[in-house]
Each structure stands twice: as structure tokens, then as C-alpha cells.
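Please open the structure in your viewer and keep the selection panel at hand.

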Amino acid sequence: MDLAATRREAGAEAPAHKDPKARTCRCLGAWVVTTIVMMAGVIAAAQRPTPPADQPSPRTDANSMLAHTQLLQKKTQGRIDVYFAGDSITRRWGATDYPELLAHWKQSFFGWNAADFGWGADRTENILWRLENGELDDVHPKVIVLLAGTNNIGNAPPSGPDDPRVASVTSGLRVIVEAMRKKAPQATIVLMGIFPRNDNIAVMPIIDRVNSNLSALADGSRIRFLNINNRLADPQGRLIDGMMGDRLHPTLMGYQVWADALRPVLTELLGPPAREDHAPPPTGDPSATAPPP
């Protein structure tokens, strides 16, 4: 950023001064003010308490709110028989800003009228807020696929054998399932086990314990639990080569494993895919397609 822009952002735009040293001091002073303001914002955000995982909480940044608006529009377009909900792992699969993954999505689900309602960086409380604010209203899907919770777990090592994230994430996902059952009572919910993450493999015991809890939510009929981690990682939780390029988000190989696991479930519930597909057009990250300022 140039010095003039720095002064404008700091609210310190001033007439040019004839003394170069004075101009330099003035610019440095504005830079210091800007830096202090920015750091104060970062510190305040870090100190802000994290909302409970089982209480709806919005993402308030402009890009996330715009994405929510687009998803509200998306639900009214076309026909949705399979509704995918989750965070970035879900979102990227059917997003316009990941064209290679989108092509794989279409290949995997064409004929089943599948629509992707994931949003990047969402925690369970954010997904719950989106559900409570219209994204599933009047959609009436036959199948809902839910994968969420990894952003609540993060990559901090366990605090002990009773790490609070286990109960918190379990509760958050249970409440999401309850909200989905209320808004789409005829749908079968496919509750996915949280995928392995190796940005810090120390969190794998937390993921395993949450997944064990999630399995107990399944009734074998309207709520089904599907854990594919043994196809993504070894018994110690180490990812199989090629499954996740950044140790968190699946590659095409990883998404193929997920698709292979879902296909027999969708065939059982919906029959074979039709020759035509009537799902709404895919959406993406609004910031990825926004015109330059």
C-alpha cells in the first residue's frame, strides 16, 4: 500500500508539507496509527468468546453474508433431491471456483439433482445459523449429506483425555441434525464422520471420539452414519498419499473415495441416476468472481 493510501485509511490525509522531513514524520505517524488500529482489531477478535457449537451464530463478514444470500436464491432454482451441507470440504466439491472438482461433482451426482450448500470456514454454529435463516426452508430434499465439525476441532493438540471439543462438537452436530429433521422430516440424513486431518495429527483422537459419538445418533433409517476414514487414512490416522494435498482438504482422489461411498447409499434411497438433471446452477465464493475495485 502506498503512503497516500495509508494516510487515507488512517483518516490522516493532510496537505503537502514543504519540509521533506516533516512529510516523512507525518507519514510514519499515520502508519503507526494504522498499525495500532489494525492490531487492536486483531486482539479484540482473539479475545472475543467463541460462540457455543450448538447455538446458531452468523458469519458477519460481507463475503459470507453475500454467499448466504446466493444460497437462499439457489434453493429456489431447479429441483434439489440431494442437499449437501457443511464447510469448505463440502463447498469446494461443487463450487464454480474449483472447476476441476466441480466437473467431478457433476460426473458423480448427475441425475440425482444434487446441490451444494457448503460454505468455507464454517463451524457448526454457523451452519446451524444458515439453516435457521432459510437455507433449508421449503427445499424438501430426499437425502441430506452433512459433513461438518472440523473447524470447531481445529489443529490445537488435545488438552487432556476429556478435551471439551469432543462434547462441544458432538452437541453442535446433534443440534444440526435435529434442525434438519424439523425442516425436512421426510429426508434421510447421511451424517458423515469428520475426515482425518494431518495439519496436526495429534487431534486424531478427538476426531475419533467425536465420530464414535456421532455413530450413536444414527437410527439406521432416517439418520445414517457414514465414516470413510479407513479409506482416507491408516489406522493411526496418517493420510494415505494423494488423498489431501494440504493435509485437510481432499484432492480429486479423496473426493472419489467419498463419491464411491455415497453412490450405493444414493442408489438405495433414490434409485439409479436419471438421464436428466434438474439441480440448480452451482455457486461459488463471491470474492473469487467479484470485479476488481
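Begin by selecting Phe84, Trp93, Trp105, Phe109, Phe195, Tyr255 and Trp258, which ring pairs link into a cluster. The rings of Phe, Tyr and Trp (its six-membered ring) pair if their centres lie within 6.5 Å, and planes under 30 degrees apart count as stacked, over 60 as edge-to-face and the rest as tilted. This is a predicted model, in which local features need pLDDT of at least 70 and side-chain atom pairs count only at pLDDT 80 or more, while totals for chains, interfaces and linings use all residues. Residues are numbered from 1 along each chain as its sequence is written, and side-chain values use heavy atoms, with hydrogens and water left out.

By the ring rule, the count is 12 aromatic pairs. Now keep Phe84 and Trp105, an edge-to-face pair with 4.8 Å centre to centre and 65° between the planes. Phe84 lies in strand E1 (residues 82–86) and Trp105 in helix H5 (residues 99–109), so the pair ties together parts that are 21 residues apart in sequence; helices (H or I, at least four residues) and strands (E, at least two) are DSSP runs, numbered from the N terminus.

Phe84 is buried at 0% relative accessibility, where buried means under 20% relative accessible area, using a 1.4 Å probe and protein chains only. Trp105 is also buried, at 7%.

Next, select Phe109, which forms a tilted pair with Phe84, 5.2 Å centre to centre and with 55° between the planes. This pair links distant parts of the chain, with Phe84 in strand E1 and Phe109 in helix H5, 25 residues apart. Phe109 counts as buried, at 3% relative accessibility.

Note on methods:
Buried < 20%, exposed > 50% of the residue type's maximum accessible area, 1.4 Å probe, protein only.
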